[in-house]
2 protein chains.
Amino acid sequence: MKLNIISETVFDEEKIPFYGNKFLHGNGYFGIRGTMEEYKKENMPAVNMAGIYDKVGDKWRESVNAPNPLFTYIKVDGKAFVLPNIKPFSHEQSLDIKTAIHTRKTVWKTDKGHITVFCERFASMANQHLIGMKYSVSADFDCELEIVTGIDGDVWDINGPHFVKIMPETLENNEKVTGITGEKGICVTVEQSVKTDLETTSFSDDFSVYKKMSICAKAGVEYGFTKIASVCTSCDDFENSDDITTLDYETEKAKHIEKWEKIWDISYIKIDGDEEAELALNYSIYHLNCIAPRNMKNKSIAARGLSGQVYKGAVFWDTEMFMIDYYIHTEPEIARTLIEYRINTLEGAKNKAREYGLDGAYYAWESQEGGFEGCSDYNIVDVFTKRPMRTYFRDKQYHISSAVVYGIVKYIKATEDKSILKDGAMEVIIECAKMYRSLLLKKADSTEYEIYDVVGPDEYHERVNNNAYTNKMAQLTFKTACELIKEFDYEKYKDLYDKFEDSYRNIRVAKPNENGLIEQFDGYFDLEDTKPEILRTRLLDEKEYWGGAYGVASDTQVIKQADVIAMMSIFKDEYTKEQMRANWEYYEPRTEHGSSLSACMYSQVACSIGMPDKEYPFFMKSAKADLVTGGKEWLGLIYIGGTHPASEGGAWIVAVNGFAGISIKDGELICEPNLPKNWRGMHFKLKYRGEIYQIDIEEGRKEITK
Amino acid sequence: MKLNIISETVFDEEKIPFYGNKFLHGNGYFGIRGTMEEYKKENMPAVNMAGIYDKVGDKWRESVNAPNPLFTYIKVDGKAFVLPNIKPFSHEQSLDIKTAIHTRKTVWKTDKGHITVFCERFASMANQHLIGMKYSVSADFDCELEIVTGIDGDVWDINGPHFVKIMPETLENNEKVTGITGEKGICVTVEQSVKTDLETTSFSDDFSVYKKMSICAKAGVEYGFTKIASVCTSCDDFENSDDITTLDYETEKAKHIEKWEKIWDISYIKIDGDEEAELALNYSIYHLNCIAPRNMKNKSIAARGLSGQVYKGAVFWDTEMFMIDYYIHTEPEIARTLIEYRINTLEGAKNKAREYGLDGAYYAWESQEGGFEGCSDYNIVDVFTKRPMRTYFRDKQYHISSAVVYGIVKYIKATEDKSILKDGAMEVIIECAKMYRSLLLKKADSTEYEIYDVVGPDEYHERVNNNAYTNKMAQLTFKTACELIKEFDYEKYKDLYDKFEDSYRNIRVAKPNENGLIEQFDGYFDLEDTKPEILRTRLLDEKEYWGGAYGVASDTQVIKQADVIAMMSIFKDEYTKEQMRANWEYYEPRTEHGSSLSACMYSQVACSIGMPDKEYPFFMKSAKADLVTGGKEWLGLIYIGGTHPASEGGAWIVAVNGFAGISIKDGELICEPNLPKNWRGMHFKLKYRGEIYQIDIEEGRKEITK
């Protein structure tokens, strides 16, 4: 088994969307879907831009796909040989996760013989504006060969078209397509510089530019070109200072690989005895690296990474709950960027709070640039009536603000970089605490604060009271705010301190009942007690939404994803193992795992309890979220496919905190390993408070060395 | 125009359910639907029992229909002549509202000539167990005539069958059918005594007994019989001491008419100059008299009166909001019975409060005997999926308890019968106030109490916060409780007094905004502003439910029925005419009037403002609710047809309080008439504090005399 190669050797047209995600490559500035060079928009190719958004009419606001500089096709004797139209004789698509180089090799068979296309390409990690591509064709018979490569401005969009103006240009040595977005007039400029020994001509149409090579091809001779393309926008954090016509493909490729080597040096996790897990885990880490906002400002990571416009290219709680941990311990400057994004979007969060009559900061459920709330009141389409359904993700999922606070808490705990507090994180925490304060309700004859009418992590149950997770996270927010006020600025925030302290002490926090169980929200245990398998039999349409007011899960105890278990995964120290086990065993069979965030939370808690049969499958499910099919692709009638970085970040957390047993106690990095049965050892590096530690776990031995 | 006769002279098969309601007759102990004697259950005949309920399996619990002693059909020359199977040559169905006698005359034409059936019948008001019936047949040709009359035990049920055992018996002089209900084993016994000169034979089948008369009929000769039937149950409040075989039809009819004469003496309202209105109004009063629980204990009036099992035969807020006023001022002992029903069902209301974690008494939304809550969590069937939809009528329509209090307040104010307080009404008020106290929520940094997550009168908007009506009625409850505690039992209830006083002072009560408008609930004015006519164009299915989570009205300002206007109709003195007008003009065009309770509230407020063009049509709509077709017969996929006593009670309120301008000021009966343009006068009696007053309003003159 090659521990760096992901590949598919069978071409399956139906899996084109899935391959697009599985073979994603990117550099944080953009992501390139793992599609074939010849694909037009119906097969969803995309150079998906980080943090660039646009809105068309009253459609959903979403991220923008750049004009596509990969676009290349061939004609042999006048006939186009392209996937998926012409079935291949053989086909292989591969990704080397060590070098982040994507390759495809396709052979078509004709009456005359075989035609072979090979292409390798990469999203440069050394210069994040660049794409490198090397393309070659050969036939085992003499033929008229035509190779066309260009920049396809007729881009794939879900809620587009986003470019109100598209300007294809053929320049002296290169080609260029500029698109201008409608909402904000952002320029997205893509250039290509093609190098080849072949003669070329350029041409263009309304959207695109092309370079054509026409060859009287000899049998067995390889013909081709290399291309350096650049992608820039009018709101870049860093400039592309290079003239791409001067750049050499192999040199750029070497720089790119060198950069990835550095990334892998700190992030690779070696697992002794389980190659499948090692590949899956490092594939997850690969994804986290492809989408990290390196060298960027005020950017975070979208819930579907850079795999397209699904979920509107928006940032969810996923970042702070599941991804930031990895960056904190490998490249903490990226974690800081993620937090800076929240600091930068505080004003948006304050506006949202005001919109709902709340105090403080209520972060966007689907955060776009500047904290713009991308989530609408209608997120699902009813399969029966085709009408939009009112959902409460936007207005009632209050736990988002606590996730922001939790991310900051984790960052400071592991880095001791308290400067971030002065740089705005302190204000974020105070404002989030103010928001929760304004949610607190006290019954006329009670001393306890409650929070009504919320949506917890389990979105299938809307508008519930006292969601255990939400209340507990609000309490964490109050506690964090109090601690920081005491440490830094007591005089300034004295009045708030008293309010937060009162809130912290008096908010209702769910206690385990006589069976050790915590009720997910008021009245949850009174709902119909059934299982996801049974609900599945009640579906009238396989795409119908399970939640909302009348979904099959709504009036039952079946939940979408970890909720009480999400809480326990964060507050492990506050529950006994028996309590954690009781809740795990109660909730897991009632969980649909309809969110990719679910499995890794169950796995984390399983690790804390010691449930060898359970930890590993959930870990593998998380790590393989994008390696195998089976992810949820539909929510009502809305396509939600894409990569699952939260699941991948979750897999890293389970591996490092769960299996390797890394934790921080009294400021010290502790290792209490709890490896899966078939694992003989783990070896990896971690950053902690500015130092790099080497962790080596082998049978009977564990070692942390600086 | 005959001012006492309601009739139809065209037979329309499609209107059979409607005629069943329109021609209803009853005596409070039971109601008889205005169906033909020959109808079997598919045409919905019913002797609907007051306060007798049964539940089959997991179907809805509903009132019970007795075996039907009206059942009669004829055969001529071996062929059955029955409606609707054989189309009539002519047909007339009539109701004399003065005598409460129902008649039908049907002529069929055959090749040989004409056959005429005539029947008159009544639900005896003199002995409420009895039904009297006189039936005759003639043909204008010689023929073989067979008349069969019996007790049909194969009753019409919506959620039946309710009789687990049916025992038909033929006795020496009469016939009998006894049905035993499944849930509680209640016996419902129906007997008939048929008198005729003809020869008779008796026979029976599994459910029913029959008496047959076979005649060689001569042309032009009338043949027939009279019948006295009795209906009794094993849980009667009063016994039927008569042996029905000794009773004479004409004597019983005379006693019945005499009793109705007494009723009309106190209740008839004469209108000079508008016969249509006079008939409609007195038809409404007729209905209120047919369904009043005279001589009964612990009974109230179902929302659809005694017209069948729709709405489960249950008692709603309709009684206290719209009906009790009539009885208070005509037969206050009936009003007292209605209140005693609530006293008697206090334990049920306390249980319901406990079920929802509340203190005090939360009355059943659909109250059955003993305060049993007939309302389920699923009251509507989705037309698209055929699945039951979760509704919040049962759990969130908190205003029901305040309606009970309001009924008591109105009763005491008009009768000065404070003995009812000692007899349990005081406890009812205290317990209702305790319930509202336990709903109050205070935000962490506020001094104001709010009520979250309610359904107000407008059921289309579920789970709203601070419904203006609900908060105001809760305040009325606190205020009433405080006043009574102060007057009667301060020492006993001192602590509660303080709490209620605090609640009364600090509950949020909606204030008119700068335009004089009161917002129906938090955020109402932010909803899409549209009209019912527009929503109608958005329907995908004419039977689809407008409310709930995803109905066409849910996210709009379109409301089902008066809500802010309902509040204003009660608290007229607290708003200026300008404010009332502003709200009337704002809300009325946004109201679907999808409830029969809506029109009379709009009419009442219109009277207070002086809107001559508006008062009258809404009044007539209310008064004619059962006279004309057009009432809502479907809620989702559930049949909800039946009579509309609340609408009829509302019409009385508008006539007496609105048009005649009767009110109580400083303990005095005041008359400030405001007659519709075409009315020249009104003449009626009213009871007030034990005395009977004659009200005479004529042009330029008004007079109240004892």
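**View 1. The residues that form the contact between chain A and chain B.** In this predicted model, chain A brings 23 residues to the contact and chain B likewise brings 23 residues. On the side of chain A that touches chain B, at least two residues come from each of β21 (388–390), α9 (419–439) and β22 (441–443) of chain A. The largest share of this side, 3 residues, is supplied by β22(A). Sorted by class, the side of chain A that touches chain B holds 10 nonpolar and 9 charged residues, together with 4 polar ones.

**View 2. The pairing of β22(A) with strand β22 of chain B.** Across the contact, β22(A) runs antiparallel to its partner, strand β22 (residues 441–443) of chain B, and the two are joined over 3 bridges. One of the residues to look for here is A:Leu441, whose bridge partner in β22(B) is B:Lys443.

**View 3. The rotation that relates chain A to chain B.** Chain A is superposed on chain B, with an RMSD of 0.0 Å, by a rotation of 179° that carries a shift of 0.1 Å along its axis. That is the relation of a two-fold axis. Both copies use the same surface, since 100% of the contact residues of chain A recur in chain B.

**View 4. A:Lys442 and the rotation axis.** Among the residues of chain A, the one that comes closest to the rotation axis is A:Lys442, whose C-alpha lies at 2.6 Å from that axis.

Conventions:
Residues are numbered from 1 along each chain as its sequence is written. Chains are lettered from A and ligands numbered from 1 in the order in which they are written. This is a predicted model: local features need pLDDT of at least 70, side-chain atom pairs count only at pLDDT 80 or more; totals for chains, interfaces and linings use all residues. Two residues are in contact if their C-beta atoms, placed from the backbone, lie within 7 Å. Helices (H or I, at least four residues) and strands (E, at least two) are DSSP runs, numbered from the N terminus. Ala, Val, Leu, Ile, Met, Phe, Trp, Tyr, Cys and Pro count as nonpolar, Asp, Glu, Lys and Arg as charged, and the others, Gly among them, as polar. Two strands pair if DSSP finds at least two bridges between them. Copies are superposed by least squares on the C-alpha atoms of residues with pLDDT of at least 70 in both.
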